[in-house]
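Let's take a friendly tour of a protein, one feature at a time. Please have a look at the sequence and the structure before reading on.

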Amino acid sequence: MEIVMNAYHIEVRKMCASCGHKECENDGTRICLKMGLKVEQAFVCSRWQMSEGLKNAGMLNGGVVRRKGTAEIIIK
């Protein structure tokens with residue numbers, strides 16, 4: 001699985017779960033708006049684009065919570 005960095009040096013896994021073109025249904029299924037298909041969380045297509053929330057992860061106004069050596073980003 002490929003990992004990319006956003007503008008604030010936060011690592012983001014390149015997959016459907018982090019894509020801006022996904023839409024989640026009420027039952028939890030993911031639909032790729034670009035391809036019009038139901039996809040799995042780890043699916044990656046050539047049209048992947050980082051979601052807006054992940055583009056902003058790590059901004060100056062955001063907070064970081066540390067647990068057991070890992071960091072979680074909190075987006076306000």
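## A space inside

Which residues line the largest cavity? The lining is made up of Met15, Cys16, Cys19, His21, Lys22, Cys32, Val39, Phe43, Val44, Cys45 and Trp48. Keep in mind that you are looking at a predicted model.

How is such a space found? Rolling a probe the size of a water molecule over the atoms shows where empty space is left. Searching the whole structure in this case turns up one cavity of 30 Å³ or more. The largest cavity holds about 80 Å³ of space. By type, its lining residues fall into nine nonpolar, one polar and one charged.

## The overall plan

Now step back to the whole chain. If you read along the sequence, they come in the pattern β-β-β-β-β-α-β-β.

The protein has 76 residues, and 21% of them count as buried. What about contacts between residues separated along the chain? Taking the contacts with a separation of 6 or more, 43% are between residues 24 or more positions apart.

In general, strands of a sheet pair through backbone hydrogen bonds, either parallel or antiparallel. Here, three strands form an open sheet in the order β3-β4-β5, and their pairing is antiparallel. At its edges are β3 (22-24) and β5 (37-39), each of which pairs on one side only. On average, neighbouring strands of this sheet are turned by 40° against each other, direction ignored.

Look at one pair in more detail. Strand β4 covers residues 30-32 and is joined to β3 by three bridges, with the two strands running antiparallel. Which residue of β4 is the bridge partner of Glu23? That partner is Ile31.

## A residue in a loop

Finally, visit Met59, which you will find in the loop between α1 (52-55) and β6 (63-67). Why does Met59 count as partly exposed? Its relative accessibility is 35%, and partly exposed covers the range between buried, under 20%, and exposed, over 50%.

Met59 and His9 are 50 residues apart along the chain, and 9.8 Å separates their C-alpha atoms.

Methods
Residues are numbered from 1 along each chain as its sequence is written. This is a predicted model: local features need pLDDT of at least 70, side-chain atom pairs count only at pLDDT 80 or more; totals for chains, interfaces and linings use all residues. Side-chain values use heavy atoms; hydrogens and water are left out. On a 1 Å grid over the protein atoms alone, a cavity is a set of points where a 1.4 Å probe fits but cannot get out, and a pocket is an open set with protein on both sides within 12 Å along at least five of seven lines; lining residues have an atom within 4 Å of a point. Grid points are joined across faces, edges and corners, and a volume is the space filled by probe spheres set on the points. Ala, Val, Leu, Ile, Met, Phe, Trp, Tyr, Cys and Pro count as nonpolar, Asp, Glu, Lys and Arg as charged, and the others, Gly among them, as polar. Two strands pair if DSSP finds at least two bridges between them. Helices (H or I, at least four residues) and strands (E, at least two) are DSSP runs, numbered from the N terminus. Axes are lines fitted to C-alpha atoms, for helices over the stretch in contact, and angles run from 0 to 180 degrees between N-to-C directions. Buried means under 20% relative accessible area, exposed over 50%, partly exposed in between (1.4 Å probe, protein chains only). Contact means heavy atoms within 4.5 Å.
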